Amino acid sequence: MSATGRSSALSPSRPGAGGVRRVRLIGVGPGDPDQVTLEAVRAMREVDFFVVSDKSGAGHDDPLVAARERLLERHLDGAARVVRVDDPVRERRPDRTATDQEYAEVVASWHEARAAAFEQALLDHEGDAGFLVWGDPAFYDSTIRVLEQVRDRGRVPLAIEVVPGISSIQLLAARHAIVLHEVGQPMHVTTGRRLAEAVASGQDNVVVMLNRSLELAGLDDWWIWWGADLGTPHEELVSGRVGDVRGEIDAARERAREAAGWVMDVFLLRRVSTGSTDDPEVAP
């Protein structure tokens, strides 16, 4: 764990009643600093330091840490103190996470290790802490749960506050100029891991996040609106009939990965029906 100190105009805060520490989880959008809300900027200015998970490995830096630091530089004019916490390694081998139970156990272990790392960072630094969360903290992000574990461990009394942010789901719809659901119809949100399950259960309008790979077999006649690294200079967008654009999506995914060092993609899949009120031939 390392700390990066900068000359700060922020005055240290004092613990609240009973020594309770305030922790703010601040949604900062998918990546574009212009999509950070005024409420989020105000929250950034009211904390004393920021805890940032660092996934740097031997010989390379974590590009997502650099992205957070650029965002703070933009909105706080350099008046930010960043505490880097080595992010525990999470087991991702398919043979160790094949079943739902195995996956849940791996994630639980990772959350526990993260909670211990965050707890130590809070013990080592005084004042209110901020955690910058990509997109919105409510959508497929573990930070709220991890900090609840820190609070429940009892060594650092915490008051957890959440500031919402623009999510990649919202930005996907805006970039493609679409409505995410048809008139009066539901929208199902799931992960790439559970897409096949959603389709098998009869869902026909599905937003998919957390895609390690794209598993679109049997969906050639569905319509897709896809985006990767939204809100960054390396943003990629593709839309069309799955069977027609699958190769285009694969190529765009690799371009995003090569340009940014990571790829975060999200997409909407819709089963096309003759009675649809939204014409997919027009919507993209």
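**Exercise 1.** What volume does the second largest pocket have? Determine also which residues line the second largest pocket closest to its centre.

*Solution.* The model is predicted: local features need pLDDT of at least 70, side-chain atom pairs count only at pLDDT 80 or more, and totals for chains, interfaces and linings use all residues. Residues are numbered from 1 along each chain as its sequence is written, and side-chain values use heavy atoms, with hydrogens and water left out.

Step 1. On a 1 Å grid over the protein atoms alone, a pocket is an open set of points where a 1.4 Å probe fits, with protein on both sides within 12 Å along at least five of seven lines; lining residues have an atom within 4 Å of a point. The volume of the second largest pocket is about 280 Å³.

Step 2. Its lining comprises 16 residues, of which Gly31, Ala67, Arg70, Thr232 and Pro233 are the closest to the centre.

Step 3. Helix H2 (residues 63-76) contributes the most to this lining, namely 5 residues. Helices (H or I, at least four residues) and strands (E, at least two) are DSSP runs, numbered from the N terminus.

**Exercise 2.** Is strand S9 mostly covered or uncovered? Identify the strands with which S9 pairs.

*Solution.* Step 1. Buried means under 20% relative accessible area (1.4 Å probe, protein chains only). In S9 (residues 223-228), 6 of 6 residues are buried, and the strand is mostly covered.

Step 1. In a regular strand the side chains alternate between the two faces of the sheet. On one side of S9 lie Trp223, Trp225 and Gly227, and on the other Ile224, Trp226 and Ala228; all are buried.

Step 2. Two strands pair if DSSP finds at least two bridges between them. S9 runs antiparallel to S10 (residues 236-241), joined by 6 bridges, with glycine 227 opposite leucine 237. S9 also pairs with S11 (residues 265-270) in the antiparallel sense over 6 bridges, and there tryptophan 225 faces leucine 268.

**Exercise 3.** Why does histidine 125 count as buried? Locate this residue and describe its side-chain contact.

*Solution.* Step 1. Histidine 125 lies in the loop between helix H3 (100-124) and strand S5 (129-133).

Step 1. Histidine 125 counts as buried because its relative accessibility is 14%.

Step 2. The side chain of histidine 125 reaches the backbone oxygen of alanine 121 at 3.0 Å.

Key
Buried means under 20% relative accessible area, exposed over 50%, partly exposed in between (1.4 Å probe, protein chains only). A polar contact is a pair of N or O atoms within 3.5 Å; within protein, one must be able to donate a hydrogen and the other to accept it, and residues adjacent in sequence count only if both atoms are side-chain atoms. Grid points are joined across faces, edges and corners, and a volume is the space filled by probe spheres set on the points.
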